[in-house]
Amino acid sequence: MRSAAVVGTGLIGTSIALALRGRGITPYLLDVNPEAARTAAELGAGVVGAPRSPVDLAVIAVPPSRVASILREQQLANLAHDFTDVASVKAGPQEEAAALGCDLTRYVGGHPMAGREQSGPLAAQGDLFHGRPWVLTPSSRAGGRAVGRVRTLAELCGARPVLMAPGQHDRAVALVSHTPHLVASLLAARLLHGEESQLQLAGQGLRDVTRIAAGEAELWTDILGANATAVAEVLTEFAEELGTVVDALRGLAADPPGRRPAADRDRLTAVLSRGVQGRGRIPVRTPASDEQLRLSGAPAGA
């Protein structure tokens, strides 16, 4: 791949452009907000404006609800020979692209599993994707050239390409990314009811748990809405477990120490123990585990 364009110069789009600049490719930057594109260019991410002739690959870096329409628009404009996107939901945008008549032989869905709680080009980092999975979700109609170019894009950005079906990807990110963000937001919202004297006691644990809740609300509304079914399924199971915890705590609170039911204590301990076990399943990032992930095609968290 010798040339590229990035449509959407937010955090992810600008980070991709910066990574490509570091590999000797100067992307063309397009954005509905000219100021965002100019800011990205000032950071060294590329040049503002469309190319005179089609580039090898165009990256559509917009929210899930806009992927299909922007893809259609830019294919008609002959921006690139091949196209990808970086939205965190894959099945819906691909279905919408097919319904709009997009050329799916020249399109491969993609999702780099990396991000920050900040947004916009000023938050971009050229090394944002180093060592992270970059999921590719080509349809059955995707051409080999398009798949190869998107794989190359991921590798140029320092990421590990992982092939998955769109639905498989959406269920995976509902578990490891989308539901955790929503739970973090719900917990952070509880702090609105806290007194200032209470909040002064906040430590690193609370900051760690709620860090991702600082993400842009409108963007995350789009993401969660686009993956609503999968997120609702995970959240339903979470709510059932949370109900168990509430019942156990109320049972423990109803009786004085020494007379509290062992069953309630055991239920609480069981939930905490499952948490320890689940936390232990998150892969430790080492060179060996990275290579194992690449070969197995397994998903990883954001």
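A residue is classed as buried under 20% relative accessible area, as exposed over 50%, and as partly exposed in between. In this predicted model, Val246 has a relative accessibility of 34% and therefore counts as partly exposed. Val246 belongs to helix α10. Together with Phe238 and Leu242, Val246 forms a nonpolar patch on the surface, and the accessible area of the three residues together is about 240 Å².

Helix α10 (228-254) is also one of the elements against which the buried residues of α9 pack, along with α3 (64-76) and α6 (166-190). Helix α9 spans residues 217-226, and its buried residues are Trp220, Asp222, Ile223 and Leu224.

Helix α6 has a further partner in helix α4 (residues 91-99). Two packed helices are described by the angle between their axes and the distance between the axes. For α4 and α6 the angle is about 145 degrees, and the axes are 8 Å apart. On the α4 side the contact involves Ala91, Gly92 and Gln94, which meet Pro166, Gly167 and Asp170 of α6. By class, the contact comprises two nonpolar, three polar and one charged residues.

Eight salt bridges are present in the structure. In one of them, the side chains of Arg145 and Asp82 meet at 2.8 Å, N to O. This pair links distant parts of the chain, with Arg145 in helix α5 (residues 144-156) and Asp82 in strand β5 (residues 80-85), 63 residues apart. The two partners fall into separate accessibility classes: Arg145 counts as partly exposed because its relative accessibility is 46%, whereas Asp82, with a relative accessible area of 1%, is buried.

Asp82 also forms a salt bridge with Arg149, again at 2.8 Å, N to O. Because Asp82 lies in strand β5 and Arg149 in helix α5, this pair ties together parts that are 67 residues apart in sequence. Both Asp82 and Arg149 are buried.

Another salt bridge joins the side chains of Glu241 and Arg274 (2.1 Å, N to O). Glu241 lies in helix α10 and Arg274 in helix α11 (residues 262-279), so the pair ties together parts that are 33 residues apart in sequence. Glu241 is partly exposed, with a relative accessible area of 32%, and Arg274 is partly exposed at 41%. Elsewhere, salt bridges with shared partners join Asp56, Asp82, Arg145 and Arg149 into one network.

Key. Residues numbered from 1 in each chain as written. Predicted model: local features only at pLDDT ≥ 70, side-chain atom pairs only at ≥ 80, totals over all residues. Heavy atoms only, no water. Buried < 20%, exposed > 50% of the residue type's maximum accessible area, 1.4 Å probe, protein only. Helix = DSSP H or I, 4+ residues; strand = E, 2+ residues; numbered from the N terminus. Contact = heavy atoms within 4.5 Å. Patch = residues over 30% accessible without salt bridge, like charges linked within 9 Å, V, L, I, M, F, W, Y side chains within 5 Å. Areas by Shrake-Rupley, 256 points an atom, 1.4 Å probe, with all protein chains shown as cover. Salt bridge = Lys/Arg side-chain N within 4 Å of Asp/Glu carboxyl O. Axes fitted to C-alpha atoms, helices over the stretch in contact; angles between N-to-C directions. Nonpolar A, V, L, I, M, F, W, Y, C, P; charged D, E, K, R; others polar.
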